[in-house]
Amino acid sequence: MPRSDRLFVDGRWLTSADDRFIPVENPATEEVIARVPHGSADDVDRAVDAARRAFPGWAATPVAERARFVAALRHGLASRQEEVARTITAEMGAPTKLAMTVQSGLPLQVLSSFVDLAGSIDQTESVGNSLVLHEPVGVVAAITPWNYPLHQSIAKIAPALLAGCTVVHKPSEIAPLSACILAEVIEGIGLPAGVYNLVSGSGEVVGEALAVHPDVDMVSFTGSTRAGRRVSTLASDTVKRVALELGGKSANVILDDADLDGAVKVGLANCFMNSGQTCTAWTRMLVPASRHDEIVDTVTATAAGYTVGDPSDPRTRLGPLASRAQRERVETYLGRGVDEGARIVSGGPHADGLPDRGYYVAPTVFVDVDPDATIAQEEIFGPVLSIIRYQDEDEAVRIANNSRYGLAGAVWSADRERAIGVARRLRTGQVDINGARFNPSAPFGGYKQSGNGRELGRHGLEEFLLVKSLQLP
Ligand code: NDP
């Protein structure tokens with residue numbers, strides 16, 4: 001386990017002004033494995049002050065030099081990848097394979113992609129008699145969640161540092177330990193003091209203190225729509241830039257000419273990945289009435305093959321949910337689904353075969369789900385799929401867009417152009433056609449209440465830049 005009992009502020013490991021600690025629990029064993037400081041508003045003041053003082057020097061550091069630090073960060077995390085993966089498995093329950101490939105592997109790809117983009121920052125543009133420049137936003141508060149703790153941190157911190165911003169990072173209190181490894185690596189590469197600061201603690205105390213702080217120029221937030229709304233409200237007093245990456249209720253639209261086996265196999269894997277705790281999860285499977293029964297049979301057979309259990313066992317496909325509160329939330333939704341008339345064909349609240357200890361929920365499939373039902377509208381954040389039937393393409397699009405969210409989605413068809421046509425009609429930030437792979441350089445973010453920011457690639461870098469026009473004689 002990394003060092004976790006201190007804050008990392010101004011290049012040093014400090015004790016918090018608050019003498020309380022937050023226990024970190026392993027959701028598979030229910031044992032406390034570490035504790036992190038219960039950061040206070042005073043700690044936030046110290047960290048923001050350090051970041052503010054470091055800002056002019058870091059902003060003036062040549063981009064190539066900043067890119068060298070980002071590359072060194074990648075190297076440092078890569079050399080500790082197995083430890084990062086083990087730590088994330090222990091703190092939030094991601095199975096070993098997922099912890100290696102996505103939880104600890106994806107951040108490395110994202111770091112590389114940002115190093116490659118360094119050249120774009122200094123590029124200027126001429127507009128008539130004006131020269132348009134890019135400059136860093138300033139001090140950035142990065143507030144991150146527990147479901148992909150390192151990836152969501154790197155998706156903010158790498159572009160912020162490259163852009164010339166300084167950072168105060170508040171990780172989730174549920175899964176804060178990969179951020180401690182990150183801080184150790186940052187210390188090891190000799191990043192100037194104050195450029196990156198880590199303040200653990202609760203959202204209500206540390207998160208809110210960052211959102212209102214007059215010396216924070218931008219909040220980059222990933223998490224629930226509820227907390228994102230609160231951050232936006234608090235930040236509005238000081239008119240700071242706010243980038244929100246929030247929840248989703250994404251539709252997997254299977255058209256009548258699709259390869260059903262592929263659509264079901266990939267669709268379930270996407271929905272159940274990370275025990276369903278993924279903001280982009282395709283939690284609504286939209287199926288043509290003409291092929292409904294066939295699809296339900298394939299889904300039921302495929303779902304039965306998912307092994308649930310100890311996340312450190314390499315054979316496990318689904319680990320526990322990240323916390324007791326999360327399991328309770330998901331179980332409440334399972335009850336709600338049944339109460340509102342949907343039928344469970346796989347898993348459910350009374351499924352057999354789950355470990356006695358740990359916050360497990362069986363992968364669950366509902367059929368006969370009304371598109372307006374609670375389980376079809378709210379983000380459950382557990383391994384729960386709702387199958388919804390539609391009559392024709394127009395109705396499929398209507399149901400897919402019948403959501404206050406708009407983060408992701410999928411379309412499957414034997415006819416690529418037909419699939420792209422439907423994808424264009426979906427009001428979401430990204431759509432995968434026929435199971436195409438994730439692209440860590442493509443813009444990522446939501447429409448509607450899924451957020452207002454874009455992360456990753458050039459668009460993600462631009463979030464941390466301001467534009468300035470110089471009018472030339
Ligand atoms: P939160 O949105 O509460 O947590 C995300 C981050 O925001 C954490 O660091 C949290 O701090 C912080 N935070 C919480 N409240 C505030 C606040 N008032 N001001 C500033 N920061 C705050 O997620 P939960 O853990 O409560 O999860 C609840 C639901 O959110 C899930 O069931 C899921 O639906 C959704 N969710 C969506 C995510 C996504 O990627 N879209 C990620 C995580 C959750 P802390 O928790 O440490 O107190």
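In the predicted model, the ligand is surrounded by 30 residues, of which Trp146, Glu173, Gly203, Glu208 and Ser224 are the closest; a residue counts as near the ligand if one of its heavy atoms lies within 4 Å of it. Helices (DSSP H or I runs of at least four residues) and strands (E runs of at least two) are numbered from the N terminus. At least two shell residues are supplied by each of α8 (203–212), β10 (218–222), α9 (225–236) and α12 (324–339), and α9 provides the largest share, four residues.

Polar contacts are pairs of N or O atoms within 3.5 Å. A backbone N or O atom of Gly203 is placed 2.7 Å from a ligand oxygen atom, and a side-chain N or O atom of Arg226 lies 2.8 Å from an oxygen atom of the ligand. A polar side-chain atom of Glu208 lies 2.8 Å from a ligand nitrogen atom. Of the 860 Å² of accessible area that the ligand has on its own, the protein covers 93% (Shrake-Rupley method, 1.4 Å probe).

The largest nonpolar core comprises 66 residues, and Leu77, Leu182 and Tyr196 have the most contacts inside it. Such a core is a set of buried Ala, Val, Leu, Ile, Met, Phe, Trp, Tyr and Cys residues joined through side-chain atoms within 4.5 Å, buried meaning under 20% relative accessible area (1.4 Å probe, protein chains only). Helix α6 (residues 149–163) contributes the largest share of this core, nine residues.

Residues are numbered from 1 along each chain as its sequence is written. Local features need pLDDT of at least 70, side-chain atom pairs count only at pLDDT 80 or more, and totals for chains, interfaces and linings use all residues, while side-chain values use heavy atoms, with hydrogens and water left out.

Note on methods: Buried means under 20% relative accessible area, exposed over 50%, partly exposed in between (1.4 Å probe, protein chains only). A polar contact is a pair of N or O atoms within 3.5 Å; within protein, one must be able to donate a hydrogen and the other to accept it, and residues adjacent in sequence count only if both atoms are side-chain atoms.
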